[in-house]
Protein chains: 2
Amino acid sequence: MVEERRLAVLRAIVEDYVATEEPVGSKALVERHGLGVSPATVRNDMAVLEEEGLIHQPHTSAGRIPTDKGYRLFVDRLTTVRPMSTAEKRAIATFLEGAVDVDDVVRRSVRMLAQLTHQVAVVQYPTLSASTVRHVEVVALAPRRLLVVLILSSGRVEQRIVELAHDLDDEQVATLRTQVNQAVVGERLVAATTALAALREDAAADAPTDARTDAPTDVGDGSVRGGSLDEVVTVLVDALAVHSSDQRVVVGGAANLARAGEGFDTMLRPMLEALEEQVVLLKLLGEATTGGAVTVRIGAEGPVEELVGTSVVTTGYGAGPEALSALGIVGPTRMDYAGSMAAVRAVARYMSRILDESNG
Amino acid sequence: MVEERRLAVLRAIVEDYVATEEPVGSKALVERHGLGVSPATVRNDMAVLEEEGLIHQPHTSAGRIPTDKGYRLFVDRLTTVRPMSTAEKRAIATFLEGAVDVDDVVRRSVRMLAQLTHQVAVVQYPTLSASTVRHVEVVALAPRRLLVVLILSSGRVEQRIVELAHDLDDEQVATLRTQVNQAVVGERLVAATTALAALREDAAADAPTDARTDAPTDVGDGSVRGGSLDEVVTVLVDALAVHSSDQRVVVGGAANLARAGEGFDTMLRPMLEALEEQVVLLKLLGEATTGGAVTVRIGAEGPVEELVGTSVVTTGYGAGPEALSALGIVGPTRMDYAGSMAAVRAVARYMSRILDESNG
DNA sequence: ATTGGCACTCGCGCGTGAGGAGTGCCAGGC
DNA sequence: GCCTGGCACTCCTCACGCGCGAGTGCCAAT
């Protein structure tokens with residue numbers, strides 16, 4: 001059908017433009033791709049595609065380049081995510097499996113992604129809500145100062161300092177440690193949070209005065225003042241919250257910006273600035289799809305206005321279905337979508353698997 | 001004297017070239033700077049300076065630009081590190097004092113430096129050898145698997161997993177924890193390392209068999225198998241070593257590369273690549289001077305061949321005299337040395353002070 | 001040692017013009 | 001109705017040539 005050929009023409013235009021970075025003309029098209037028609041026919045098709053806003057020409061008598069809308073259609077309907085070669089798969093697997101801890105997995109993934117796609121790679125730290133609390137350590141730094149260390153099954157550690165309103169002796173600290181550990185050890189992060197809330201309420205009920213007042217009474221011999229427990233619990237809940245969705249983001253492959261070709265100088269600065277802003281990066285990774293699907297945002301569709309002319313390819317990953325984080329790449333709209341999507345998907349899968357194994 | 005005026009000419013050339021990024025001619029020089037001589041005289045001086053290899057002209061009949069050697073002389077003899085304005089000082093102080101922890105101090109310093117100098121800023125994490133061991137926690141994850149958590153007075157935490165050759169029960173773990181803590185708590189990092197070595201030797205002496213063999217005998221009731229102690233100690237020593245000189249480096253202001261002007265495209269890529277390599281960055285920061293001096297490395301003097309056309313301005317910082325780390329900036333050889341040196345020095349001082357306070 | 005004068009060099013910007021890629025349109029063939 | 005070859009037209013690109021001006025080097029005079 002005519003309509004089919006037109007799409008084939010669009011696909012060919014996108015592919016050629018991505019490859020050559022130059023506007024592509026009718027003649028070159030029929031030669032490089034085996035469309036069995038004449039240049040004139042292609043020209044007619046192009047005219048139609050241009051009317052539909054899928055392609056456009058920089059000047060009269062120049063070739064055509066795809067518009068954002070054209071790219072959109074291309075990724076939605078014309079692209080087949082070609083799977084990675086087995087060699088590539090093996091490379092990814094062995095490289096990622098060499099990681100020694102979570103930090104290392106993330107670092108290696110960023111590197112891998114950047115290398116595979118020749119774009120800037122962005123990886124959010126894995127969420128840890130699936131992991132459990134291994135241990136809570138409470139250390140007295142000073143009479144009114146505690147160090148609370150939260151140790152998770154994933155090997156991650158979070159420490160906080162708590163300033164108390166009243167003195168605690170060693171025995172009281174020990175009691176506190178025991179109480180808290182009994183409440184949370186072995187629990188998942190969310191469960192631990194609720195367990196802590198319960199603990200706090202129990203303490204409030206037991207204590208003669210409201211635990212939230214500034215002057216709780218001393219209940220004597222080793223038992224812990226309600227107020228102190230309250231303070232420690234508050235900090236712990238906070239630490240748990242931070243850890244159940246880690247907001248940190250790692251970028252890599254910024255050097256790939258150097259070969260960005262044309263849009264280069266206009267794009268470079270906002271790009272680099274964006275890469276230094278965690279907030280912006282998180283926005284970019286944005287709503288990671290819960291399924292295994294790879295999301296592509298093209299040009300102005302993106303959440304960051306500054307980044308015109310760039311596309312973002314992201315997907316979710318993580319050990320377990322609900323522990324979801326995101327990773328992806330950022331590059332010019334003129335990019336190899338099929339390859340990028342495949343790479344993003346592959347890295348996400350291997351990463352999920354590795355995290356899964358190390359968690360289990 | 002003649003010689004003096006020649007240096008004045010060199011200084012003027014450097015200053016103008018840095019400001020305008022264009023080769024500077026004799027006429028412009030006498031106009032913009034108040035040298036009381038004619039252009040012809042300056043031309044003669046320039047000819048001499050060129051013979052000495054301090055300046056050079058891109059083409060015949062073009063102005064002159066400084067060579068690396070010229071910059072070197074300029075920095076060594078002609079530059080006066082103009083102190084920061086009080087407004088700038090206050091800005092630095094308030095911004096850095098807003099930091100909540102060590103990580104934050106580092107992040108803010110990088111940002112500040114990049115902003116002040118409009119260059120790429122590089123800050124190494126502070127060394128912590130001045131800090132002491134607050135606590136060591138040993139947690140049994142599995143019969144043959146321990147989690148060892150090292151907590152320092154600075155609030156920093158390092159955790160390691162130890163795979164044991166033999167099972168340990170809870171009691172043995174408790175003993176191990178006690179032994180280790182007795183040895184190292186309160187010690188400085190270096191002292192702690194030696195204390196651990198002593199502990200290991202004691203254990204070896206007490207044990208019937210050599211502690212380093214794979215099959216130490218069981219010495220019964222709660223005391224710890226020599227082999228297990230050995231393994232834990234090894235890991236701890238390693239963790240201490242990593243922490244007594246933190247090798248992590250943070251960069252910022254990469255966006256400043258975007259306005260690098262001319263050498264731009266040739267410089268950009270190696271630059272960005274270097275910034276992603278921790279090792280390279282550490283080389284760049286290199287031998288931080290132990291005094292309060294600011295070091296300037298110009299062009300090929302630098303330890304990284306790839307970075308031609310760039311200069312590095314670094315200095316040491318840290319709480320206490322021996323706890324030394326480094327920070328600095330990287331930029332084109334054509335940079336404002338006076339300003340950069342002042343900024344680097346100022347940030348280093350404030351950072352040292354803040355770390356000092358928070359440590360004390 | 002400094003200066004003014006002067007001839008010379010050479011990069012830069014600009015207009016011009018040939019070449020060519022690509023288009024749009026039209027008329028004819030299947 | 002769709003495809004095709006032909007043709008005139010547009011407009012970008014590049015190379016060439018030229019004039020301008022900045023800047024130099026040298027020299028003779030002070």
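This is a predicted model: local features need pLDDT of at least 70, side-chain atom pairs count only at pLDDT 80 or more; totals for chains, interfaces and linings use all residues.
I begin with the DNA. Around DNA strand D there are 22 residues, and those that come nearest are Val37(A), Ser38(A), Thr41(A), Ser61(A) and Gly25(B). Two or more residues of this surface come from each of helix 3 (39-51) of chain A, helix 2 (26-32) of chain B and helix 3 (39-51) of chain B. Helix 3 of chain B provides the largest share, 4 residues. By class, the surface near DNA strand D comprises 9 nonpolar, 10 polar and 3 charged residues.

I turn to the other DNA strand. DNA strand C also has 22 residues around it, and the nearest are Gly25(A), Val37(B), Ser38(B), Thr41(B) and Ser61(B). The elements giving two or more residues here are helix 2 (26-32) and helix 3 of chain A, along with helix 3 of chain B. Which element gives the most to the surface near DNA strand C? Helix 3 of chain A does, with 4 residues. The surface near DNA strand C divides into 9 nonpolar, 10 polar and 3 charged residues.

Next, the protein chains themselves. Their contact draws 22 residues from chain A and 22 residues from chain B. On the side of chain B that touches chain A, at least two residues each are supplied by strand 4 (133-142), strand 5 (145-152), strand 6 (157-163) and helix 10 (264-275). Strand 4 of chain B gives the most, with 5 residues. That side of chain B holds 13 nonpolar, 4 polar and 5 charged residues.

How are the two chains related? Chain B superposes on chain A by a rotation of 179 degrees with 0.2 Å of shift along the axis, at an RMSD of 0.3 Å. This is therefore the relation of a two-fold axis. Both copies use the same surface, as 100% of the contact residues of chain B recur in chain A.

Finally, I consider strand 3 of chain A, residues 120-124. Of its 5 residues, 5 are buried. Val120(A), Val122(A) and Gln124(A) point one way from the strand, while Ala121(A) and Val123(A) point the other way. In a regular strand, side chains alternate between the two faces of the sheet. Strand 3 of chain A pairs antiparallel with strand 10 (residues 325-332) of chain A over 4 bridges, and Val123(A) stands opposite Leu327(A) there. Strand 3 of chain A also runs antiparallel to strand 7 (residues 249-252) of chain A, joined by 4 bridges. In strand 7 of chain A, the residue opposite Val123(A) is Val250(A).

Notes
Residues are numbered from 1 along each chain as its sequence is written. Chains are lettered from A and ligands numbered from 1 in the order in which they are written. A residue is near a molecule or strand if its C-beta atom, placed from the backbone, lies within 6 Å of it. Ala, Val, Leu, Ile, Met, Phe, Trp, Tyr, Cys and Pro count as nonpolar, Asp, Glu, Lys and Arg as charged, and the others, Gly among them, as polar. Two residues are in contact if their C-beta atoms, placed from the backbone, lie within 7 Å. Copies are superposed by least squares on the C-alpha atoms of residues with pLDDT of at least 70 in both. A residue is buried if 20 or more other C-beta atoms lie within 10 Å of its own, exposed if 12 or fewer, and partly exposed in between; C-beta atoms are placed from the backbone. Two strands pair if DSSP finds at least two bridges between them.
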